[in-house]
Amino acid sequence: MFRIISGKWKAKKIAAPKNFDVRPTTDFAKEALFSILENKYDMQSISVLDLFAGIGSITFEFGSRGCQDITSVEMNPKHTSFINSTASELDMSKQINVQRGDVFDWLKKFRNNKSFEIVFSDAPFEMEEKKYYELLSLVLNNKYVKQNGILIVEHQSRMKLEHPNLIDTRKYGNVSFSFFEANKEVNQEI
């Protein structure tokens, strides 16, 4: 079960089937994250890529706040079906584009197709540290993040991600959000 914190569906509780093995972002951490994001972005005019979308906790938070362009990537077919049916119930089907597939394969397949203001990743906590660095490389080196955009990686607080694009890490108990800026575009004058 998770709750939408703010927006059109504020306080709406969403219950996933009991057999789903998910770990939605806590309300406390989600509230803090969206406070940061709403100070920087106009939610109605941005595009969002939600990687490892799970059952859509972050996706629905963006949708409730008026974001019209959300792409959610999730491998588990039961979870993608749940996101689609919940989006339909909440009248968010036009806002949310659910893509079923392995995040790493999806990022390799669609590289340089579209850029987003916000790319959010909530990989399984047991994912190996080297896979986090592979994820950073795939997202940042393939123009998934717009120049004014940000990549946010949710991870266990005991893991410290080091990267030249890292601009901030915020800790909320055992969960941390690390923020990465887009790769700088180099203007080459001839």
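Trainee: In what order do the elements of the protein chain run from the N terminus on?

Mentor: The order is β-β-α-β-α-β-α-β-α-β-α-β-β-β. Helices (H or I, at least four residues) and strands (E, at least two) are DSSP runs, numbered from the N terminus. This is a predicted model, in which local features need pLDDT of at least 70 and side-chain atom pairs count only at pLDDT 80 or more, while totals for chains, interfaces and linings use all residues. Residues are numbered from 1 along each chain as its sequence is written, and side-chain values use heavy atoms, with hydrogens and water left out.

Trainee: How many helices and strands is that?

Mentor: Five helices and nine strands. The radius of gyration is 16 Å, close to the 16 Å that the globule rule gives for 190 residues, so the chain is as compact as a globular protein of that length. That radius is taken over C-alpha atoms, and the rule is 2.2 Å times the number of residues to the power 0.38.

Trainee: What does the C-alpha trace span along its principal axes?

Mentor: About 55 × 35 × 30 Å.

Trainee: What share of the residues counts as buried?

Mentor: 51% of the 190 residues. Buried means under 20% relative accessible area, exposed over 50%, and partly exposed in between (1.4 Å probe, protein chains only).

Trainee: Which residues touch the most other members of the largest nonpolar core?

Mentor: Leu33, Phe60, Phe62, Ile118, Ile152 and Phe177, in a core of 37 residues. Helices H1 (27-40), H2 (57-64) and H3 each supply at least two residues of this core, as do strands E5 (96-100), E6 (116-121), E7 (145-156) and E9 (175-181). H1 gives the most, with five residues. Apart from this core lies another, of 26 residues, among them Phe52, Val119, Ala123 and Leu138. A nonpolar core here is a set of buried Ala, Val, Leu, Ile, Met, Phe, Trp, Tyr and Cys residues joined through side-chain atoms within 4.5 Å.

Trainee: What does Ile118 touch?

Mentor: Leaving out residues up to four places away in sequence, its partners include Leu37, Tyr41, Val48, Phe62 and Ile152. Contact means heavy atoms within 4.5 Å.

Trainee: What about contacts over the whole chain, how many are between residues 24 or more positions apart?

Mentor: Such pairs make up 68% of the contacts with a separation of 6 or more.

Trainee: Switching to H3. Is Thr86 buried or exposed?

Mentor: Thr86 counts as buried because its relative accessibility is 5%. It is found in H3, residues 77-89. Beyond residues up to four places away in sequence, Thr86 touches Ile14 and Phe60.

Trainee: And Gly63, which residues does it touch?

Mentor: Ile70, Met92 and Gln95, again not counting residues up to four places away in sequence. Gly63 is found in H2 and is buried, with a relative accessible area of 6%.

Trainee: What is phi at Asp91?

Mentor: Positive, about 60 degrees, although Asp91 is not a glycine. Most residues other than glycine have a negative phi. Asn112 also has a positive phi, near 65 degrees, and is found in the loop between helix H4 (103-109) and E6.
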